[in-house]
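Please keep the sequence and the model at hand while reading.

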Amino acid sequence: MAVRLLKVSSLATAVLASSGFYLSSKQLDINDLSVIRFGRAALTTAVISYDYLTAFRHVAHGSEEYWALKSKLSELFVLFEEKPHGAASLAQVHKAVLHDGKTVAVKVQHPKVQRQSSKDIMVMEVLVKAVHWLFPDFAFMWLVEESKKNMPLELDFLNEGHNAEKVANMLSHFPFLKVPMIHWDLSTKRILTMDFVEGGQVNDREYMKKHDINVNEISENLGKMYSEMIFVHGFVHCDPHPGNVLVRKCPRSQKTEILLLDHGLYQALQPDFRMNYCRLWMSLINGDLSGVERYSRRLGAGDLYPLFACMLTARSWNSVNAGISSVPVTHAEDVEIRTNAAQYLPQISDLLNRVPRQMLLLLKTTDLLRGIETTLQTRASSSSFINMSRCCVRAVARHKRIKARSRRRRLQITLAESLSLWKLSVYELLLWVRGLVITRWLAALLTFLH
């Protein structure tokens, strides 16, 4: 194991050299010690001497030393693609094949990220303070505070690996969800090796059409996943942008799958916060205005609870009044929301400073999910509200059972939960039958007209 981890540590230097990230077509810059710094940073369980690493300062492309460096890759991999399969601000990902034939993705952190991220946060803090000084109504220190808290977690790839394993186990009852398995013997704080997976981005309608993937099924399953994460477990993947959520047809079963990637940024919700958030969403879905006010206030919104409800749902106050599950989203409503967002910027700033910090990443997450639904044209579908309601009912019932002191009370709670879930299933069945009847009626009408 120690020898294997030593090789993984050396991999940091080898990857950057072979990919051309720090090697030009001729030679490495003599004064650039980034490779050395990166190699040293990648060592978590083994130590390579500084003198050993400095040997790579003068590496000419194609030279004997260059190929010796590349040979380190062959000790770990049968094949290692020099060109990154993907690159982002924190890391680059290479496709490789292990000696047992397994295809893996090797995520390598950029060498200057650790130092640069600290500088970026300092600059952000100065700018935020300057904006607040010039415009006292705008207070965005929460942005700096959240960055300070989350950046170290995102830069720790071992933490990312543990998050991936946790969510895979947590949602293992969803056969459509696939989370790449982590190869711990080839991973460190700055190198993460996992199973290689491929698919189309979740907002790529052309890819879905080409591969016969049902858009509504994807949207519904995505909603199930996140409702379960948020309401039932309180452990939420907070970066569901399309590059991190892929879809595909399983090569063996031909069933549709969702591939969830990049597990660096998660939010763990406190039980009381999660319960208030659950009950708030149930009130929003059912048009219970007294509940909307009560649970919004409990979440820190105060007198700004109407604005908070609109921000959370991206719906107008009229839609919130009627119950967001019963009013379809219109273009006019979207225009109204955008106009009001600009008009109420100071109040929005005040609200973001009031609510618990847990809410900030949830707002970001729901906004990203809403963007995906908008692209897939499945926003505010009845199935998504039913799935949310199911998870809310289960979460509240579980919370009540934990606090119940008698077996009789726990039984009552379980029966009430079963009844509520049964009602939701009946309602879902009625919607399906109604949709089926309307579809047949339209088909018959079209046949008659032709």
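At 27% relative accessibility, Asp262 counts as partly exposed, where buried means under 20% relative accessible area, exposed means over 50%, and partly exposed lies in between (1.4 Å probe, protein chains only). The model is predicted: local features need pLDDT of at least 70, side-chain atom pairs count only at pLDDT 80 or more, and totals for chains, interfaces and linings use all residues. Residues are numbered from 1 along each chain as its sequence is written, and side-chain values use heavy atoms, with hydrogens and water left out.

**Individual residues**

- Asp262 is placed in the loop between strand 10 (256–260) and strand 11 (266–268); helices (H or I, at least four residues) and strands (E, at least two) are DSSP runs numbered from the N terminus.
- The phi angle of Asp262 is near 55°, a positive value in a residue other than glycine.
- Ala314, likewise not a glycine, has a positive phi of about 55°.
- The position of Ala314 is the loop between helix 12 and helix 13 (317–322), and Ala314 counts as buried at 15% relative accessibility.
- Asn150 belongs to helix 6 (residues 141–155) and is buried, with a relative accessible area of 8%.
- Leaving aside residues up to four places away in sequence, Asn150 touches Leu265 and Leu361, contact meaning heavy atoms within 4.5 Å.

**Packing of helix 12 with helix 15**

- Helix 12 (residues 305–313) packs with helix 15 (residues 345–354) at an angle of about 85°, and their axes are 11 Å apart. Axes are lines fitted to C-alpha atoms, for helices over the stretch in contact, and angles run from 0 to 180 degrees between N-to-C directions.
- Helix 12 and helix 15 are therefore roughly perpendicular to each other; this class covers 65 to 115 degrees, while angles under 35 degrees count as roughly parallel, over 145 as roughly antiparallel and the rest as oblique.
- On helix 12 the contact involves Leu307, Phe308 and Met311, and on helix 15 it involves Gln347, Ile348, Leu351 and Leu352.
- By class, the residues of this contact between helix 12 and helix 15 are six nonpolar, one polar and no charged. Ala, Val, Leu, Ile, Met, Phe, Trp, Tyr, Cys and Pro count as nonpolar, Asp, Glu, Lys and Arg as charged, and the others, Gly among them, as polar.

**Pockets**

- On a 1 Å grid over the protein atoms alone, a pocket is an open set of points with protein on both sides within 12 Å along at least five of seven lines, and a cavity is a set where a 1.4 Å probe fits but cannot get out; lining residues have an atom within 4 Å of a point.
- The volume of the largest pocket is about 990 Å³, a volume being the space filled by probe spheres set on the points, with grid points joined across faces, edges and corners.
- Its lining has 36 residues, and those nearest the centre of the largest pocket are Cys310, Met311, Ala341, Ile348 and Leu363.
- Helix 6, helix 12, helix 14 (331–343), helix 15 and helix 16 each give two or more residues to the lining of the largest pocket; helix 16 provides the largest share, nine residues.
- The lining of the largest pocket has 19 nonpolar, eight polar and nine charged residues.
- The second largest pocket holds about 730 Å³ of space.
- It is lined by 29 residues, with Val93, Gly243, Asn244, Leu261 and Asp262 closest to the centre of the second largest pocket.
- Strand 3 gives the most to the lining of the second largest pocket, three residues, and that lining comprises 13 nonpolar, nine polar and seven charged residues.

**Cavities**

- There are four cavities of 30 Å³ or more.
- The largest cavity has a volume of about 430 Å³. Its lining counts 21 residues, of which Trp281, Thr366, Arg370, Glu373 and Met388 are the closest to the centre.
- Helix 9 supplies the largest share of the lining of the largest cavity, seven residues.
- The lining of the largest cavity consists of 11 nonpolar, six polar and four charged residues.
- The second largest cavity has a volume of about 50 Å³, and Asp262 is among the residues that line it, as are Glu160, Leu261 and His263.
- Helix 7 (157–170) and strand 6 (191–195) each supply at least two residues of the lining of the second largest cavity.
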